[in-house]
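User: I'm new to this one. Can you walk me through it?

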Amino acid sequence: VQLQASGGGLVQAGGSLRLSCAASGIIFNINRMTWYRQAPGKERELVAGIISDGSTNYADSVKGRFTISRDNARNTVYLQMNSLKPEDTAVYYCNADVITLKRAQYIGWGQGTLVTVSS
């Protein structure tokens, strides 16, 4: 299973970006996909997650501004980020908990994608 994250970039405060994370490989089911971020000098923190029944959860700092969604047919999760703030600047990572066609559990990380929000 491979995870490919994309969509990061440079944006002005108040702007928007959409991140994508596509899971590829012999996937039977995706239990959960989660976005984390890590700012310079800080620990990695959870941003938003979505589980198999569609339930979502968000960090308090992004509630009302970020929306996580998924396309089951494409095994892809999205993070729509609106009203971006300089403090949202970080490397964003996706994490997935999947069941493969061999019914094995795989938990892994995609490569990070850098989001920079200028003031």
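Analyst: We'll go through the sheet, the salt bridges and a surface patch. Keep in mind that this is a predicted model.

User: In what order do the strands of the open sheet run?

Analyst: The order is β1-β3-β8-β7, four strands with antiparallel pairing. The edge strands are β1 (2-6) and β7 (66-71), and each pairs on one side only. From one strand to the next, the twist averages 15 degrees.

User: How many bridges link β7 and β8?

Analyst: Six bridges, in the antiparallel sense; β8 covers residues 76-81. Asp 71 stands opposite Thr 76 in β8.

User: And which salt bridge does Asp 71 form?

Analyst: Asp 71 forms one with Arg 74, with the closest N and O atoms 2.9 Å apart. Arg 74 is exposed, at 58% relative accessible area.

User: How many salt bridges does the structure hold?

Analyst: Five. One of them joins Lys 63 and Asp 60, at 3.1 Å from N to O. Asp 60 counts as exposed, because its relative accessibility is 65%, over the 50% cut-off. Shared partners also link Arg 37, Glu 45, Arg 65 and Asp 88 into one network.

User: What about Arg 37, buried or exposed?

Analyst: Arg 37 counts as buried, at 6% relative accessibility. Its salt-bridge partner Glu 45 lies 2.7 Å away, taking the closest N and O atoms. Glu 45 is partly exposed, at 35%.

User: New topic. Which residues form the nonpolar patch on the surface?

Analyst: Ile 26, Phe 28 and Leu 101, with about 300 Å² of accessible area together. Phe 28 sits in strand β4 (residues 27-38). Phe 28 is partly exposed, with 46% relative accessible area.

Key
Residues are numbered from 1 along each chain as its sequence is written. This is a predicted model: local features need pLDDT of at least 70, side-chain atom pairs count only at pLDDT 80 or more; totals for chains, interfaces and linings use all residues. Side-chain values use heavy atoms; hydrogens and water are left out. Two strands pair if DSSP finds at least two bridges between them. Helices (H or I, at least four residues) and strands (E, at least two) are DSSP runs, numbered from the N terminus. Axes are lines fitted to C-alpha atoms, for helices over the stretch in contact, and angles run from 0 to 180 degrees between N-to-C directions. Patches are made of residues with over 30% relative accessible area and no salt bridge: like charges are joined within 9 Å, nonpolar side chains (Val, Leu, Ile, Met, Phe, Trp, Tyr) within 5 Å. Accessible areas come from the Shrake-Rupley method with a 1.4 Å probe; for residues, only the protein chains shown count as cover. A salt bridge is a side-chain nitrogen of Lys or Arg within 4 Å of a carboxyl oxygen of Asp or Glu. Buried means under 20% relative accessible area, exposed over 50%, partly exposed in between (1.4 Å probe, protein chains only).
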